[in-house]
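This report describes a single protein chain, from its overall make-up to selected local features. The sequence and the structure are shown below.

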Amino acid sequence: MNGAAEATRKMRNQPLFRVVVVLFAALLAGFLFRPEGQRSNTVLRSFFRTTPDGVAALARGIERLGRQVEPRITPLVDADAVRGTVVLLRPRLPPSPREINALLEHVRTGGVFVYAPPYLTGRRWTERTPLMDSLGIWFRFRPVTEEVREEMLLEPRWRQHALTEDLPSPRAPTHGFRVFGFVDGDPANDSAKVASSIPLLTAMDDEVEEWIVAAELALDDGRIVVLSDAEPLSNEEAVDDPLAALAVRAALAYTAEADTVFFAEYHQGIRGHRTRAEVVRGFFLGSPGGRVLLHLVILSFLILACRGLRFGAPTPAVAPPDRERRSPLEHVSALGDLYRKAGAASTAALLLLTRLARATRHPPPRDTAEADTLLRRLDAGGDADTPLARARTGLHADPPDLTAVAAGIDEFLARRTKP
């Protein structure tokens, strides 16, 4: 038991053991405080996100109802051809003009596009992205007072359409839009950028003006379903908001069974599947908790390094001029002088005889009598001129002759070791 305890104590004192403990503590803290499904620092309508702001539930719902669903993590040009139904919800990265041309050409040839434009504002007006401009869409400006009071549009109602049939009563929407060149779905002039605009859900503002919340646009042989907001499609709202059911119906109705619904993840800022190393790096460098933990780990390693670092030798390699090193003989002479000044010559003699006792496997003498007995036992000849006899003479001198004692012991041990 004592041996095991001693081994455990020695292991705990090893620097490697402490490093392993620090790393284990860091990994455990990272696991306990890892990002969970209920936490999100930024709003991202992503296929991959199961947090309240993501749209993973919408994608899984479409897939369970019989349509293949995949994320598209490549741009719309210089990569895979645009095909199937493309879903683009409040993109963080707006499509480039070349991508817009490829997307609209796909729609013209019979493709489907589900789109929730980003709500962008200036000081007193809304801004349009190039894709919104290509479709002729512009948002209603929402004043700051309306945002602070969290006011919604009034009197939302479904329009007659196959996609809206038997849907529950709609919830009050936040945003509304209009399609340039159309009034209540009918073309107002010849500058319409799409062939037709069919409102699916409308609402009124406080000035009794009607705004579109969801609409179906026709572009040659294809269809575009435009939604004023992507929040009703999020994981948090999709279960209770009928607008999410409208989006699922559109994906099912306009996507062939052999085709695929693609969520444009590239334009959400997702360029590929992240490796575990990238996830760990993102946690330690991209989150406040991860950065705090990283700093604690670095501080722990610095403490360990400082505790194990030698800041130079305890004594200089070359003695200073005023403190020249003593030779071993000088050191012994100085030690002998100290014993003589302290009146402890007998103690010094006993210490000298301790070496003799150990060499001959005898217990060290504790007083002069035991020392004399040891010398007599080892000096079997009894001659007065033997080394140990001279040592005995030096031992009984007053004060003891340490030089004679040491010389006798050295001579005796030297003769004993000679072959």
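Strands here are DSSP runs of E of at least two residues, and helices are runs of H or I of at least four; both are numbered from the N terminus.

## Overall composition

The model is predicted. Its protein chain contains 14 helices and 14 strands. Of the 419 residues in the chain, 40% are buried. Among contacts between residues at least 6 apart in sequence, 59% link residues at least 24 apart.

Val-208 is located in the loop that runs between β11 (196-204) and β12 (210-219). Although Val-208 is not a glycine, its phi is positive, at about 60 degrees. The relative accessible area of Val-208 is 64%, so this residue is classed as exposed, the cut-off for that class being over 50%.

Helix α11 spans residues 345-359 and helix α12 spans residues 368-378; their axes come within 11 Å and cross at roughly 35 degrees. The crossing of these two helices is left-handed.

On the α11 side, the contact is formed by Leu-350, Leu-353, Leu-356 and Ala-357, which meet Thr-368, Ala-371, Leu-374, Leu-375 and Leu-378 of α12. Sorted by class, the contact of α11 with α12 comprises eight nonpolar residues, one polar residue and no charged residues. The loop between α11 and α12 holds Arg-361. Arg-361 has a positive phi of about 60 degrees and is not a glycine. With a relative accessibility of 78%, Arg-361 counts as exposed.

Two or more lining residues of the largest cavity come from each of α3 (56-64), β2 (85-89) and α7 (242-254). Of the elements that contribute, α7 gives the most, with three residues. By class, the lining of the largest cavity has 10 nonpolar residues, with no polar and no charged residues.

How values were computed
Residues are numbered from 1 along each chain as its sequence is written. This is a predicted model: local features need pLDDT of at least 70, side-chain atom pairs count only at pLDDT 80 or more; totals for chains, interfaces and linings use all residues. Side-chain values use heavy atoms; hydrogens and water are left out. Axes are lines fitted to C-alpha atoms, for helices over the stretch in contact, and angles run from 0 to 180 degrees between N-to-C directions. A crossing is left-handed if the near helix is turned anticlockwise from the far one by less than a right angle, and right-handed if clockwise. Contact means heavy atoms within 4.5 Å. Ala, Val, Leu, Ile, Met, Phe, Trp, Tyr, Cys and Pro count as nonpolar, Asp, Glu, Lys and Arg as charged, and the others, Gly among them, as polar. Buried means under 20% relative accessible area, exposed over 50%, partly exposed in between (1.4 Å probe, protein chains only).
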